[in-house]
Amino acid sequence: MERLSLAAALRHRRFRLLYGGQAISSVGDWLDYLALVVLLTYTWGHGAGALAALSVAVAVPMVALAPVAGALADRMSDRIRVLVGCDLMRAALALGYLAAPNLPVLLVLVVCKVSFGALFNPVHQSTLRSVVPESDLLSAMSLTVFTNQAAKVVGPALSGLLIAGFGVRAAFVVDAATFVVSAALLSAVRLPLRPEPKAAPDGAERPAGLRADIVEGIRFIARTPALIALIGSVAATLFLVLTFDTLSPLAMRELGVGETSLGYVVAAVGLGAALGTLAISGRVMRAGPFVVLGAAQIVVGAAVSGIGTGLGLGVHGMVWLWMPIAGVLGFAAAGIMVVFPYVLHRETPPELTGRVTAIANAFPVLLQLAAPPLGAALAGWSGVGFVFLTAGPALAALGAVVWLYGMRVRLRGEHSDDAQPPPPTERADTMPDTQRLDALRAAGFPVDGLTPGQLDALHGLSDEEADLLISVQLRLQATADEVEAHSGEPIIGGVLF
């Protein structure tokens, strides 16, 4: 994993189809979300309470439906039909925003639209790992994040033009159209057949209930230290982010940023995140995912503290200052957004991907129910600037802890590699165990998710047997045209993150 080619996955036809749908619908999503923010803040004149309510409306279905949706995703055979149906329903609900007369009706429509997204995302995730070779996993994650963040550049700018020329509701029409286009592209994709569920080790039948499937996913997370550390740190990050993120339009308004300039600031975040994704390579990730994650959290915390300082000092009208700060924030946030799905997929067996990713995403989103109201309460008590000045340093401190943890994991791994004894003379024809696992991992085998018994079987292979496995795997990868990607990142925060 020395290098990462961002466009490597584009050589696959299925990926190109899905990537086109992703790019179009991602632009529409940012048209939609920014239009909702403008409708609430500028058109209807609502304050922090309405923005917090919007954030909670996005979070509720993600939390309530994600575990069940993840279990269903791992069982579904006709996944394309489900994905297309979810896109078409979201298109219809986006058009429904046009008829919303008030905040309660609008929030109901938002909840319904996000509910279909809560089903769409794990269905997509459940197919991704089974069709993306291990060697392309980081590339696929980075390309997805890059597209989502690049959409922040195009979407808000286009939204500003549409709002200025045709009114805020025009953005909802365009968003609905993007889902229709995405559904058309998805309908042209043919996915490989799903494998049959594995039998229990003792030959007994597997529990058929969704509850058992959900419990299986939770148990896998609970016994995987890397996933516990990842989900816990990212959940804490989102909690801190969401205390101030939904207040971002109010913060920008206090800083003298108008409706049109707000779109430019959001676009700067997207541009920074897109550039940050480009900067992430295999060499960068070799520093350790948690080292990258911690460094990203520190920089995000510093940028947020800068905005809070401006609010505290009463700075007004300096859009030229907030745009580069927003760009730095986005650049660093890319590290968080790439590391999270990358580690999730790397540590999870393909047959558990839907459940594990749904549960892992639901837990941080659960905090969205508490963080925005808390941020709104703090803003009412001591001002918007106080929230930014509190969350920013806390994020930086969290990042320092994660960075230290990542360095410890990295040093422990290096020490373990250095401590490996030379192979015994009676196995002179066999490469060391760690070298074999590295070779198999590089070829795309999910060795990190194997059981101890399976690892013992790999350790017993000769060099010729290992080379044969790698050769077959590489030939399959060379002829595979089964890479799938569609935006798996719901917009769960506010404007800046």
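Biologist: Which residues of α3 are buried?

Modeller: In helix α3, the buried residues are R79, I80, V82, L83, V84, C86, D87, R90, A91, L93 and A94. Helices here are DSSP runs of H or I with at least four residues, strands are runs of E with at least two, and both are numbered from the N terminus. Before we go on, please note that this is a predicted model, where local features need pLDDT of at least 70 and side-chain atom pairs count only at pLDDT 80 or more, while totals for chains, interfaces and linings use all residues. Residues are numbered from 1 along each chain as its sequence is written, and side-chain values use heavy atoms, with hydrogens and water left out.

Biologist: What makes C86 count as buried?

Modeller: Buried means under 20% relative accessible area, exposed means over 50%, and partly exposed is in between (1.4 Å probe, protein chains only). C86 has 3% relative accessibility, so it counts as buried. C112, in contrast, has a relative accessible area of 33% and is therefore partly exposed.

Biologist: How many disulfides does the structure hold?

Modeller: It holds zero disulfides, a disulfide being a pair of cysteine sulfur atoms within 2.5 Å.

Biologist: How do you know that the span of α3 agrees with its number of residues?

Modeller: The expected span is 1.5 Å times one less than the number of residues. For the 18 residues of α3 (residues 79-96) that gives 26 Å, and the end C-alpha atoms are 26 Å apart, so the two agree.

Biologist: Why are α8 and α12 called roughly parallel?

Modeller: Helix α8 (residues 225-245) and helix α12 (residues 289-313) pack at about 10°, with axes 12 Å apart. Axes are lines fitted to C-alpha atoms, for helices over the stretch in contact, and angles run from 0 to 180 degrees between N-to-C directions. Angles under 35 degrees count as roughly parallel, over 145 as roughly antiparallel, 65 to 115 as roughly perpendicular and the rest as oblique. The two helices are therefore roughly parallel to each other. Among the residues making this contact are L230 and F244 of α8, and F290 and V304 of α12; contact means heavy atoms within 4.5 Å. The contact residues divide into eight nonpolar, three polar and no charged. Ala, Val, Leu, Ile, Met, Phe, Trp, Tyr, Cys and Pro count as nonpolar, Asp, Glu, Lys and Arg as charged, and the others, Gly among them, as polar.

Biologist: And what makes α2 roughly antiparallel to α15?

Modeller: Helix α2 (residues 48-73) and helix α15 (residues 371-382) pack at about 170°, with axes 8 Å apart. That angle makes α2 roughly antiparallel to α15. The contact is made by A48, A52, S55 and V56 of α2 with P372, P373 and A376 of α15.

Biologist: Is L352 buried or exposed?

Modeller: L352 counts as buried, because its relative accessibility is 5%. This residue sits in the loop between α13 (319-347) and α14 (353-366). Leaving aside neighbours within four places in sequence, L352 is in contact with D74, E216 and F220.
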